[in-house]
Amino acid sequence: MVDQVKLLGVSGSSYSRRVEWALKVKGVKYEFIEEDLQNKSSLLLESNHVLKKIPVLIHNGKPICESIVIVEYIDETFEGPSILPKDPYDRAIARFWAKFLDGKCLDAVRKALWSKREEQEKNIQEEAYEMLKIVDNELKDKKFFSGDKIGFVDVAANYIPFWVEIVEEATGNVLITSEKFPNLCAWIDEYLKCSEVQENLPDRDMMLSFFKAKALAK
C-alpha cells in the first residue's frame, strides 16, 4: 500500500516549513494543501477540531497536529535519515531544547519584536535578550545544535532565520546582531546555506509585505 500523505499548511509559516523539511529529509512524497487562515477549510477544522490551527499532517486518513509532534511522528514512521538522535539521552536533550525554543524563547522574541518602540518596556526586550543569550551560548563552537548537520533542534529554531530579520525590518525593533549574539548569527548563516533549507525558504518579499501591514495595523 502506498502511503497517502497530505499537509495542511501555509507557505510562509515556519511551522509548516518544519514539517516540509522533515518530509523531504525522509524522501516522503506528499500533497501540500494551502490554507487560508481567514477562511479555514472544513478539512482543517475537522482534522484539528481542538486547536483549529496549521499545520496538520494527514497520513492515510489519520490527522496529526502540532509541528514538533508531527516532525517526531515523521521520524518514527518513515524510513530514511534520523531526525532525532538515536541515543535516548541525546534524544531527551534535543526535545528539551526544542521545547525551550518553541516555547519560552519564541514567546519572548515575539513580544519584543511586536512591541511598539515608543511604548516598549525595558523588561520585555531584556527577557528576549536573556533567552537569545542562552541560545547563543548553547551554539558556542557548534555548526548546528547537534553537530555538523541540521537536526531536530535546528528545525525547532527555524523561525529565527526565517522571519526574525524580516519582522525586524517591518517593525524597526532590532534584536539580533552579530555583536550581541555571534554564535547565533553564525548558525543562521550556516542554516540558510543548507540546500534542503534553500529549497524550502518562504517568499521574503511576500512575508515582508505581510509583516509591514501587520505592523501598521497595530
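Over residues 3-82, how much of the chain is helix and how much is strand, and how far apart are the end C-alpha atoms?

Modeller: Please bear in mind that this is a predicted model. Over residues 3-82 the chain is 38% helix and 21% strand, and the end C-alpha atoms lie 19 Å apart. The stretch corresponds to an annotation in UniProt, where an unreviewed entry lists residues 3-82 as "domain: GST N-terminal".

I begin with the sheet. It is open and has 4 strands, arranged in the order β2-β1-β3-β4 with mixed pairing. At its edges are β2 (31-34) and β4 (62-65), each of which pairs on one side only. Direction ignored, neighbouring strands of this sheet are turned by 20 degrees against each other on average. Strand β3 (residues 56-59) runs antiparallel to β4, and 4 bridges join the two. Within this part of the sheet, Leu 57 stands opposite Ile 64, a residue of β4.

The helices come next. Helix α1 (residues 14-26) lies across β1 (5-9), β2 and β3, and its direction is at about 160 degrees to that of β1. Helix α3 (residues 67-77) has a set of buried residues, namely Ser 67, Ile 68, Ile 70, Val 71, Glu 72, Ile 74 and Asp 75. The cover over these buried residues includes α1, β3 and β4, together with α4 (88-114) and α6 (152-156).

Helix α7 (residues 159-171) packs with helix α8 (residues 182-193) at an angle of about 110 degrees, the axes being 9 Å apart. The two helices are therefore roughly perpendicular. On the α7 side the contact is made by Ile 160, Pro 161 and Phe 162, and on the α8 side by Leu 184, Trp 187, Ile 188, Tyr 191 and Leu 192. These residues comprise 8 nonpolar, no polar and no charged.

Tyr 191 counts as buried because its relative accessible area is 2%, under the 20% limit. Leaving aside neighbours within four places in sequence, the residues in contact with Tyr 191 are Phe 144, Ile 150, Asp 154, Val 155, Asn 158, Pro 161, Phe 162 and Val 197. Lys 149 is 42 residues from Tyr 191 in sequence, while their C-alpha atoms are 9.2 Å apart in space.

Methods
Residues numbered from 1 in each chain as written. Predicted model: local features only at pLDDT ≥ 70, side-chain atom pairs only at ≥ 80, totals over all residues. Heavy atoms only, no water. Axes fitted to C-alpha atoms, helices over the stretch in contact; angles between N-to-C directions. Parallel < 35°, antiparallel > 145°, perpendicular 65-115°, else oblique. Contact = heavy atoms within 4.5 Å. Nonpolar A, V, L, I, M, F, W, Y, C, P; charged D, E, K, R; others polar. UniProt positions renumbered as here; feature names shortened; annotations may be inferred. Pairing = 2+ DSSP bridges. Buried < 20%, exposed > 50% of the residue type's maximum accessible area, 1.4 Å probe, protein only.
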